[in-house]
Amino acid sequence: MSLAIGTIQFRLTRPRRSLFFRMIPFMIFSGVGLAAQPWAQASTEPNSVSRLALEEVLTAVRSKFPLIEAARQDFRAAEGELLSSRGAFDLQLKGRSSWDLQSAYLGRTLDAVLEQPTPVWGLSLLGGYRYGRGSFPVYDGKLKTLPDGELRGGVLMPLLRDGPTDSRRVRIERARIGVDVAEASWHQQLIDAVRLARQRYYEWVAAGAKVQIAKRLLEIAEKRDLQLQEQHRRGDASRFDENDNRRGLLQRRAQFASAERLLQRSELELSVFIRDVGGQPVVVDRARLPETLPELPQTAPPEAGAFDLLIEEARQARPDLKRLQGQIDQNEREIRLARNQLLPRVDLNVAVSKDLGTGAAEYSSTETEAALTLEFPLPLRTARGRLESANATESRLLAQAQLARDRVGVELRDARSALMQARERVRLAIEENELALTLEKGERARFAHGDSNLIFVQLREQTTADAATRKIDALLDYWLAEASWEAAQGLPRP
């Protein structure tokens, strides 16, 4: 009551003004109010510079982002590893030549062998040529051949160890799976890069919109400051009002500086994803900054009841699950190999040889030979240790895969919740912004008629700016959640 009475006394004792001077505050704040309109609606003035579109950013990410290029090279390396592993089945040429330099026997030998390993039960095909001339001891009589040498061929087959599987075949299988794992990692890197690029783009646009809000709020205070200075010189405004507006002006300059800093940081963060032909980060010209974030799409996320199918589809598409499954498959090959290495080595070798040329009868007949080799390391520590390690790795990978599968559903549900809540916040922020702008206009009208004061008008302006900022934050949260929503589904695909 005392404040109301004091106000009434001030109005009664204040010198009466002409109609023109009584309308000055109304004209001042009506003009300022027009400047506040862009808080609720973006300007539609044409701009000769094209706005930076999200697709342009994503195109740059796909073609020039370093981590995607690194993943692409990992894929090439995996393909090279596969090619290298297949070299274990390359045709091999082996040769040996010997001669006695000082001995009672002056024999000379030349031996060349072609060996072709095959993936069929570890079978190897052998073919060779041997030439032996001179004198040899009785126990080395087989080294001597007819004048044209000896041709021979045969097969080597492991019956137990290295039969069903061996290190060469396991290496090829692991390398083949490794290509799929590298491709999944490439896909995962693409998803992560696209998600981050989208988030940085939306944060950049939101920061630009907040700068505009802070700038318009500052312009209102600057215009009002000039007008109040003029009114004070005429005696139509008090020093108190001028100082109070000056305080608000300084506060808004600080708010603008904070918004400008946020925009600068967002520009630098976005530049990581936009690069020139040399691969260097590019800070986008502010003239290309969109005026505000996109409006919400008409379609909403699927209902919770349709989530089971969506989650299963995401589990099939997610590259992190594919990568873990590939690692499980690789380890399964290691387990099979380790179990096989616990078996004894039993190799069957069958060979046929024939000397060429004329000579003694004992050298001219066809010879057939079969041999059985047995090898069995008794402690088997190597094989047992490898099997134990592979079993432990399998348990670890299965636990990681289970957690990853569970995370798919959690991430999808969390992203949907964020989308739905952001939609509701945007709706409420729009209503709040419209209502705040209406109250701001009404407060100016009350001030013009002497029923309010400058402090209340400033509070209304700040409230309108805060409501506009909350709308930007709600829109930003929606689009950030939308980026997470797509990433949780395994999008985009290569």
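Is glutamate 150 buried or exposed? Glutamate 150 is buried, at 5% relative accessible area; buried means under 20%, exposed over 50% and partly exposed in between, using a 1.4 Å probe on protein chains only.

Before the close-ups, a quick word on the model. It is a predicted one, where local features need pLDDT of at least 70 and side-chain atom pairs count only at pLDDT 80 or more, while totals for chains, interfaces and linings use all residues. Residues are numbered from 1 along each chain as its sequence is written, and side-chain values use heavy atoms, with hydrogens and water left out.

View 1. Glutamate 150 sits in strand S4; helices (H or I, at least four residues) and strands (E, at least two) are DSSP runs numbered from the N terminus. S4 (residues 150-158) pairs with S3 (residues 124-133) in the antiparallel sense over 7 bridges, where pairing takes at least two DSSP bridges between the strands. Arginine 130 is the residue that stands opposite glutamate 150. S4 also runs antiparallel to S5 (residues 345-355), joined by 9 bridges, and here proline 158 stands opposite aspartate 347. Setting aside residues up to four places away in sequence, glutamate 150 touches Gly128, Tyr129, Arg130, Thr145, Ser353, Lys354 and Asp355; contact means heavy atoms within 4.5 Å. As a reminder for strands, side chains in a regular strand alternate between the two faces of the sheet.

**View 2. Two loop residues with positive phi.** Tryptophan 121 lies in the loop between strand S2 (108-117) and S3. Its phi is near 55 degrees, a positive value in a residue other than glycine, and tryptophan 121 is partly exposed at 41% relative accessible area. Aspartate 162 belongs to the loop between S4 and H5. Phi of aspartate 162 is also positive, near 70 degrees, but this residue is buried, with a relative accessible area of 15%.

**View 3. A cluster of aromatic rings.** Ring pairs tie Tyr201, Tyr202, Trp204, Tyr478 and Trp479 into a cluster. Rings of Phe, Tyr and Trp (its six-membered ring) pair if their centres lie within 6.5 Å, with planes under 30 degrees apart called stacked, over 60 edge-to-face and the rest tilted. Searching the whole structure turns up 7 aromatic pairs. One of them joins tyrosine 201 to tyrosine 202, edge-to-face, at 5.7 Å centre to centre and 65 degrees between the planes. Tyrosine 478 and tryptophan 479 make another edge-to-face pair, with centres 5.2 Å apart and planes at 90 degrees. Tyrosine 201 is buried at 7% relative accessible area, and tyrosine 202 is buried at 4%. Tyrosine 478 is buried at 3%, and tryptophan 479 counts as buried at 10%.

**View 4. The largest nonpolar core.** A nonpolar core is a set of buried Ala, Val, Leu, Ile, Met, Phe, Trp, Tyr and Cys residues joined through side-chain atoms within 4.5 Å. The largest one has 59 residues, and Val57, Val61, Tyr201, Trp204, Leu293 and Leu412 touch the most other members. Elements giving it two or more residues include helix H3 (54-64), helix H5 (167-234), H10 and H11. H5 gives the most, with 15 residues. Leaving aside neighbours within four places in sequence, tyrosine 201 contacts Leu52, Ala53, Leu54, Val57, Leu270 and Pro290. A second, separate core has 8 residues, among them Phe75, Ala78, Leu82 and Val179.

**View 5. Alanine 422 in helix H10.** Alanine 422 has its place in H10 (residues 381-448) and counts as buried at 2% relative accessibility. Neighbours within four places aside, alanine 422 is in contact with Ala474, Asp477 and Tyr478. For a sense of scale, the C-alpha atoms of alanine 422 and leucine 125 are separated by 69 Å, with the two residues 297 apart along the chain.

**View 6. Helix H11 and its two ends.** H11 (residues 454-488) has 35 residues and should span 51 Å, which agrees with its end C-alpha atoms being 51 Å apart; the expected span is 1.5 Å times one less than the number of residues. Asparagine 453 caps the N-terminal end, with a side-chain oxygen 3.1 Å from the backbone nitrogen of isoleucine 455. After the helix comes glycine 490, with a positive phi near 85 degrees. Proline 492 lies in the segment after H11, and the peptide bond from leucine 491 to proline 492 is cis, with omega near 0 degrees.

Technical notes:
Polar contact = N/O pair within 3.5 Å; in protein donor to acceptor, adjacent residues only side chain to side chain.
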